[in-house]
Amino acid sequence: MKTLKELLIEFDACKPAREWAGDRTVEQFVNDCNKGTWLAWLAEKIELDKRSLVLVGGHIANTVRHLMTDERSTRAVDVCIAYGEGKASEEELEEAAMEATAAARATWQAAGLAAAKAACAASSAEASWAASEASSAEASLSAWTPIEANQKETADICRKYIGQAIIDKTNKLLTQ
């Protein structure tokens, strides 16, 4: 049976996450982690279902909604949450992703940083990540808030919506 740390190494997790995992069990990792980015990353790596991932992404993006100045960004957040709850279609999600990506591009172009950030936003398949890129772009133009400031909040979101699913699926992978 593999350890969580071995699985994180196999998945090419960042060094700080691997070191922090140490000898923790999956349960300890999920329940004690205060970095939502690590939990969301792990959820994606273990391939949780798309609706759950988009729901969490929508709620995570919603934590920076106050920084979003483009309606396309906030609409994408709303569509992600609705999709995750089964209230929006794949087509609506794809449309919102394209709109949020366009919002991110426009904002980064205005900031003169189009190439790097627009490519990052464009590579996002989900509207929630595109909305996050858009809000990040908008935040950089106004009052930039370090990403670390809301890591605990986003970790709590991951635990609330997909914590047990991460634990169950990761433990299953460790025993294979």
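Modeller: Buried means under 20% relative accessible area, exposed means over 50%, and partly exposed lies in between (1.4 Å probe, protein chains only). This is a predicted model, in which local features need pLDDT of at least 70, side-chain atom pairs count only at pLDDT 80 or more, and totals for chains, interfaces and linings use all residues. Residues are numbered from 1 along each chain as its sequence is written, and side-chain values use heavy atoms, with hydrogens and water left out.

I pick helix α4, residues 36-45. Helices here are DSSP runs (H or I, at least four residues; strands are E, at least two), numbered from the N terminus. The buried residues in α4 are G36, W38, L39, A40, L42 and A43. They pack against α1, α2, α3, α5 and α10. After the helix comes E47, with a positive phi near 60°.

Start with the rings. A pair of aromatic rings is described by the distance of the centres and the angle of the planes. Rings of Phe, Tyr and Trp (its six-membered ring) pair if their centres lie within 6.5 Å; planes under 30 degrees apart are stacked, over 60 edge-to-face, the rest tilted. The whole structure has 3 such pairs. One of them joins F11 and W41, edge-to-face, with 6.4 Å between centres and 75° between planes. F11 sits in the loop between α1 (4-10) and α2 (15-21), and W41 sits in α4, so the pair ties together parts 30 residues apart in sequence. F11 is buried, at 15% relative accessibility. W41 is partly exposed, at 29%.

The pair W20 and W38 is tilted, because its planes stand at 55°, with the ring centres 6.1 Å apart. It links distant parts of the chain, with W20 in α2 and W38 in α4, 18 residues apart. W20 is partly exposed, with a relative accessible area of 25%. W38 is buried, at 14%.

Now the core. In soluble globular proteins, nonpolar side chains tend to be buried together. A nonpolar core is a set of buried Ala, Val, Leu, Ile, Met, Phe, Trp, Tyr and Cys residues joined through side-chain atoms within 4.5 Å. The largest one has 27 residues, and those that touch the most other members are L8, F29, L39, L42, C158, I162 and I166. Two or more residues each come from α1, α2, α3 (26-32), α4, α5 (50-62) and α10 (151-175). The largest share is from α10, with 7 residues.

L39 shows the packing in detail. Contact means heavy atoms within 4.5 Å. Setting aside neighbours within four places in sequence, L39 is in contact with F29, V30, C33, A155, C158, R159 and I166.

R159 has a polar partner too. It forms a salt bridge with D156 (a side-chain nitrogen of Lys or Arg within 4 Å of a carboxyl oxygen of Asp or Glu), the closest N and O atoms being 2.7 Å apart. Both lie in α10, 3 residues apart, so about one helical turn separates them. R159 is buried, at 18% relative accessibility. D156 is partly exposed, at 32%.

Q151 is also in α10. It is buried, with a relative accessible area of 4%. Leaving out residues up to four places away in sequence, Q151 touches N34, K35, G36 and T37. Of these, G36 is one of the buried residues of α4.

pLDDT is the predictor's confidence in each residue, from 0 to 100. The protein averages 82, and 76% of its residues reach 70 or more. Confidence is highest in α3, with a mean of 98, and lowest in α8 (residues 114-122), with a mean of 39. α3 is among the elements that α4 packs against. Over residues 113-125 pLDDT stays under 50, and the model has 17 contacts beyond four places in sequence for that stretch. Over residues 134-145 it again stays under 50, with 25 such contacts.
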